[in-house]
Amino acid sequence: MHIPPHDNANQPIVDIDHPLVPYVYFNIIRLTAGQHFDYRVAGYETCIVPATGTVTVETAGETFADIGHRGADVWDGDPEGVYIPTDAAARITALTDCEVFIAGAQYGETLTPFAVRAAEIDLVQYGSDDTKTHRKIKHILGAAHHDRVGRLLVSELYTVGAGGWSGFPSHKHDTDRLPDETRHDECYNFRFKPDYGSGLQMLQRLDNEPGDAYHIMNRSTVLIDKGYHPCCVLPGYEMYYFTILGGQSQRSLKQYFQPTHAAQLHTIPGIMDMVAKFK
Ligand SMILES: O=C(O)C[C@@H](O)[C@H](O)C(=O)CO
């Protein structure tokens, strides 16, 4: 499903119990310096990540000051975030004008909040220019946080250089059937550089059957409920997407690579490092 760019007025873009992707939650908050935003999501753990600007976050009796140090856009430095436990009330106070992602996953237990600072971001870079698969993932809540988080995985993905593909070789994660695959609902929010760039998101629900393709633009949201989901950017532009994964029954992600294309895994340098960082 494609949700075109729009002004969401600080209201959830993907609210709780979404009929297509019930395991994820997504909001984008825009604040000017000095403003604050209060929220509480029943039944979902969340993570606050400034796309731009700096905020202070208060939750569960703790204060996490000066989160986020990016200026103009998501290409300006590394992300930071704060984990908000299930059912906890949170207050975001803008220290500068800012745009803030709130990523969530359905989870029944209430854990302990913590901050992830830029120095703790888990970076993985893989692929190559000649296979048009050169990319970089910055894990904010990745495998390194399995002990502190219930079901939520939060990352930022960049195509490296202009043009190219991501999510390839195509894979899916829509059915709990270990050891081959887990069910993780997924939500993306895209950015392009320059911002009038755009791309395509494929969603092939059944092997060997034509699927859907969405024209994604700056600030498009895509929900991945089922199927293989590679995406690409126009030549001459860079692509970024904020990614949220919510597991149905475990946090660790097991991707199932589409048999038709799986042989190409061997052509993509370092891709198994990317796979390992979700496990
Ligand atoms: O393949 C990539 O470059 C990233 C993807 O794995 C993406 O994060 C995803 O779809 C996870 O299932």
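Does N27 count as buried or exposed, and at what relative accessibility? In this predicted model, where local features need pLDDT of at least 70, side-chain atom pairs count only at pLDDT 80 or more, and totals for chains, interfaces and linings use all residues, N27 has 1% relative accessibility and therefore counts as buried, a term that stands for under 20% relative accessible area with a 1.4 Å probe and protein chains only. Residues are numbered from 1 along each chain as its sequence is written, and side-chain values use heavy atoms, with hydrogens and water left out.

N27 has its place in strand β2, strands being DSSP runs of E with at least two residues, numbered from the N terminus. Its side chain makes a polar contact (a pair of N or O atoms within 3.5 Å, one able to donate a hydrogen and the other to accept it) with the side chain of N8 at 3.0 Å, while the backbone oxygen of N10 lies 3.2 Å from a polar atom of the N27 side chain.

Strand β2 (24-31) is also one of the strands that supply at least two residues each to the largest nonpolar core, which has 30 residues, with V14, F26, L141, V154 and F242 making the most contacts inside it; such a core is a set of buried Ala, Val, Leu, Ile, Met, Phe, Trp, Tyr and Cys residues joined through side-chain atoms within 4.5 Å. Apart from this core lies another, of 28 residues, among them F168, V233, L245 and I271.

Elsewhere, four strands form an open antiparallel sheet in the order β13-β20-β17-β18, where pairing requires at least two DSSP bridges. Three bridges join β13 to β20 (residues 231-233), and S166 stands opposite C231 in β20.

Note on methods: Buried means under 20% relative accessible area, exposed over 50%, partly exposed in between (1.4 Å probe, protein chains only).
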